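Hi everyone, thanks for making time. I'd like to walk you through one model today, so let me put it on the screen.

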Amino acid sequence: MYEIDKFLPLMIPLTALLAVPLIYFFRNQRDIRDGVSVLAPGTMFALAFLVFKNFYQNKEPLFIHILDITPTVSLQFRVDGASILFSLIASFLWIITTIYSRGYLGGLREKKQTSFYAYFALTLFATQSLAYSGNLITTFIFYELITLFTYPLVTHKGSDEAIKAGRKYFAYLIGTSLIFFLTAIVLTLSLKGEMSYKETGIFDGSESVEMLLLIFLFFLFGVAKAAIMPVHAWLPAAMVAPTPVSALLHAVAVVKAGVFVLYRVFNFVFTPDIIAGFNGHFIALTFSAITIVVASMIALRQDNLKRRLAYSTISQLSYIIFGFSLLNSHALTGSLYHLIMHAFGKITLFFCAGSIYVTTHISEISKLDGIGKKLPITMFCFAIGSLSMIGMPLFGGFVSKYYLLKGIAYSDYQLLFAIFGISTLLNAAYFLPIVYAAFFKPPKEEIHLEAKESQRSMEFALSITALGTIVLFFVHGFFYPLIGV
Amino acid sequence: MSDFILSKFNYWASILLMMIGMYGMIAKKNLIKKIIGMNIFQVSVFLFYISMGKVKGGTAPIFWEKAVIYDNPIPHVLILTAIVVSISTTAVALSIIIRIYNCFRTVEENKILETLANDENQSGNNQ
Amino acid sequence: MIIEFITRKMIPFIQLYALYVVAHGDLGPGGGFQGGVIFGTSIILYIIVFGMEKGKRLLPLKITDFLGSLGVLIYAGVGILCIVFGGEYLEYTKLPFKNPHLAAHLGIFAIETGVAITVSAVMVVFIFDIARKKDV
Amino acid sequence: MIVYIILIPLVTAIIIPLFGFINKKLPFYVTLLSAFTNFILVIRTAKKIFSYGTERYFFGGFEAPFGIEYVVDGLNSIILIIISFMFFIITVYSKRSLEKEIENRRLPLFYALYTLFYTGILGIVITGDIFNLYVFIEIASLSSYTLIAMGQKRNALMASYNYLILGTIGATFILIGIGYLFMATGSLNMADIKLRIVPLYHSKMVRTAFAFLTLGLMLKLALFPLHVWLPNAYSYAPSAMGALLAATGTKVSAYALIRILYSVFTIEFDMKIIPFNQIFLLISLVAILAGSTLALAQTNLKKMLAYSSIGQIGYITLGISLSNATSLQGSVLHIFNHSLMKGGLFLIAGGIFYKLNIENIYDMKGISKRMPYSMAFFVILTLSMIGMPFTVGFLSKWYLILGAIEVGRYFVIPIIVISSLLSLIYLWRLVEISFNSDVDKKEISEMPVSMMVPVIIISLLTVFLGVFSDIPISLSREAVKIILGS
């Protein structure tokens, strides 16, 4: 039994990797290829669920040692609540996204579909491995692999604009990770001689405050995937990618990978006590609060729907970092819940944006007037997603915001309630007008619908995720054993 | 002082030659003159080696009944090899120069560089 | 006329002296390299006096190339022979002759001959190479 | 019998012209056979060395320090392995590539010199005699001058000439250094000199010798301010020769420098008696940054790779100058890795030239459509150059960083990182341009199989050795043991 326990988590990323040659092999039989793309995440989800079951019985983190690269650098997996949580969400949403992309790519008659699916699978492989990685260097490796595998997806269109955006994407992510993230890892290794995540933290507080602060800041800004300002600019740039990519990768897999790394840093490299010791949380709070407000304000001024969503994502990611830096268990719970809730909410919104684009070729918000009558299901789900983002009760977003607020109440910074108030207002201000205009304003010009045949699979996918945001509100207790801190 | 200079005259000679050779290699623009400089430069080192092997009162290192002390033969042997190398280098250099002359119709370095720069401009314009 | 006549008479003597230098190499001053150079000069002299065309007829480039390789091959071959007879590379004393002294003597002589052949051939090749008009 | 490692290529180089008389195509097969035999021989020797220790060979039966000695130990066996491997691989590649770049008539001459060059670099690595080192350096250099001059363009001639002038200055400096060393110690055997040099630390002669030797080798190594000969030489030589030079030429000089610094002079002399390693550290860091920056400015693919080599040489010397076990291991690993990676990149550049006749990076728009596999391997090698984990490039940089930390020189880390970023930029530029799909769809026209296979093998090796890193790490650890004499 024990052996199987160790084997199962390894199987999850391997499944994604195995899917790649299969996808390539069936490149001419579209249906089989898409079938593989659904089957692989399905298997992964089932495996992740089994791992979850085992974890539920033992409640102990599991360590798996894979191989040594050098005597100090080894590949190591760690299976605990947060990693299972991340893995479950990523694999579940991949299934949905595949169904969605079939409609999306078919509707746009995209070329290079096979390479699209293959890189998708590769990205998921890296994401899943990152979820289970058990030390800093393993995390770093898969962090970089995610960037590499998503680069072809971002530049999928191959136009000059896409290439330019891809360059920005690449420069930001690789640049920060090499300059700051890797340096932080090396400094950690040179100070403490080890890199494995531990509940008690790698650092024990005996180090000099300046050094700890330096390393902490390197981690905070080195993990640019978490898109804290000022290292956020890659995310709006990456929006040139096809919508399924933006949806799964830039609302779930990639950005959540960044946040997940920060979760490890806050709780397993440092510990809350040590961070409080050198006031690192204060800096993190400041930056994340600024990001929350400023990104929302920028989002207000965006006319391109996907760019508005991107800035909203930046703002929402900082909620999660914000929660980590409050350094108490309620806020941490809130952050991890936000990881799930935001994933479901934002992917719904992105799916809607893509669906609108495929059927009407509209990507600007100002042209969306009256579209609700033409695309009722899409816009209804958009409304659900928006409400969840704002944090209305009965929607998933409420749960996480509730815990976060509770976290603020238990911390020393009650003033931060104001940030939350402002940000929620801003959220409402940039989402609700879209919904209002879509349903209640008369259309400015006639909207033509195209590609009806592909509409069905997209609407299916986005209604599932929209439904998900509601269901999660009621069953959020189910995740508690994974999140419980 | 003069004693110091005179007692090491072999070094001074080879240093002088070396500097002349270096100057020729670096300052001359004519490729053949550069090669001549190179030869002087190498010969200075050979002289340095040979003078190094001299033992006071020694004779040539050939078996001879009257001889008591022989010079150290090893530097001579080494320098023989070095001479061969130097000759080969010169030969290679000369044959390269001949090919350069066939291509460019000149052995002046600055003219060759001009031609090459023109080449590059033309190929740039063609694209 | 005069030059050609004198050259004709001189060449055999130069070559004889070259052979002497080669043969004397293992005991006195001299050796394959010096001998080879002297032998080469005799041919160069011939080329200078009688012209390139005649020189090429006397020693076509193919033959000089061949001789250049052959000389080194003799050198390496003797070395390997030493290994074959159970010594190290170029350990002449192991060659199968009556006594080690004779073996060393003959071994060195063979090697000097190889060197001489190569050197003289290469000297001639230099002249041909440098004197050629076009990039052949 | 380690002497065969030298003898096989030497004899091959001699008999190739003879085969050339029979058939112009025959020399290739002879070279290939000899390269393969030699590779197998090197592997077998290395295996033996690792189980039984250092092996020595005395020429003509004269024991060291009187005779010439050949040594194979833990340090040079790793270099021998990579050299003979790259030579074999590039020979396989050379057949089709040379068909385009060199006239049929010249093939025997090319292969003869090509094998002679190989003999020279093997000799540099294997010899234990310092004068013999000079002779082999000159053998390798002379044959490479000629080989570079065989390049197609007429720039090749000037490149070769300039290399000849600078190379001769370097070699003559080495010769002077050897002379001084011989005057001071009366010996030419490396191990013997090391024993005799200890009481002579403060002798002016030894110091002069040290200065000349290191300066000469730095010229041969193309360390930054002395690098001017390298870019033209690498980029105008025939593709196969350019790749071989990039993969082995400077690496062998780096090895020779390690030998001189640690096996002829001693580590105390380098570090304590004269502050050499501090100066050297500075030069290395400047070389790293300058090489990468200059590479950014290039538009010719091969030239860009050549300038990148100058930066990478800085890494090797960086490890040498930090002079602790970890950083030296990084250096040895980098010699190994960079040989593999840069060789592969040059082979791909040669392949692009072979197929499409372009060298300028900005003309390569959309070539990934025409040569998808080559570009895929280019990406792999690029990642390795940057130092991506799971590729060999990571190992050496990692050890260099650890070594720098060990001696407390933290400022080295940002420089390594910045240079990695620069190399990312200049290599990724090509990847980006080549994946640009504004160009119309074209027929796939890949390199011929015999050129593709070497590229594939090299790329896979960079990944394989990066994941299963036991092999390079244990090899380099043996090497460091020898360097530090423990």
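First, a term: helices (H or I, at least four residues) and strands (E, at least two) are DSSP runs, numbered from the N terminus. With that in hand, chain C reads α-α-α-α-α from its N terminus on, with five helices and zero strands.

Now the housekeeping. This is a predicted model, where local features need pLDDT of at least 70 and side-chain atom pairs count only at pLDDT 80 or more, while totals for chains, interfaces and linings use all residues. Residues are numbered from 1 along each chain as its sequence is written, chains are lettered from A and ligands numbered from 1 in the order in which they are written, and side-chain values use heavy atoms, with hydrogens and water left out.

Let's stay with chain C. Its C-alpha atoms fill a box of roughly 55 × 35 × 20 Å along the principal axes. Of its 136 residues, 39% count as buried; here buried means under 20% relative accessible area, exposed over 50%, and partly exposed in between (1.4 Å probe, protein chains only). Chain B also follows the pattern α-α-α-α-α along the sequence, and 37% of its 127 residues are buried.

Patches are built from residues with over 30% relative accessible area and no salt bridge, joining like charges within 9 Å and nonpolar side chains (Val, Leu, Ile, Met, Phe, Trp, Tyr) within 5 Å. The areas come from the Shrake-Rupley method with a 1.4 Å probe, and for residues, only the protein chains shown count as cover. Lys and Arg count as positive and Asp and Glu as negative, leaving out His and the chain ends; each charge is placed at NZ of Lys, CZ of Arg, CG of Asp or CD of Glu.

Which residues gather in the positive patch? They are R8(C), K9(C), K54(C) and R57(C). Helices α1 (2-23) and α3 (52-58) of chain C each supply at least two residues of this patch. K9(C), in helix α1, is partly exposed at 47%.

Chain A has a nonpolar counterpart: about 650 Å² of surface made by F49(A), L394(A), L467(A), V471(A), F474(A), V475(A) and F478(A). Helix α17 (residues 452-475) gives the most, with four residues. L467(A) sits in that helix and is exposed at 52%.

Next, salt bridges, meaning a side-chain nitrogen of Lys or Arg within 4 Å of a carboxyl oxygen of Asp or Glu. The whole structure holds 20 of them. One pairs R264(A) with D80(A), with the closest N and O atoms 2.9 Å apart. Since R264(A) lies in helix α9 (residues 243-269) and D80(A) in the loop between β2 (74-79) and α3 of chain A, the pair ties together parts 184 residues apart in sequence. R264(A) is buried at 1%, and D80(A) is buried at 5%.

Over in chain D, E99(D) and R96(D) meet at 3.4 Å, N to O. Both lie in helix α3 (residues 74-101), three residues apart, about one turn of the helix.

Finally, how many disulfides does the structure hold? Zero, over all chains, taking a disulfide as a pair of cysteine sulfur atoms within 2.5 Å. For C352(A), the nearest cysteine sulfur is that of C381(A), 5.7 Å away. C352(A) is buried, with a relative accessible area of 0%.
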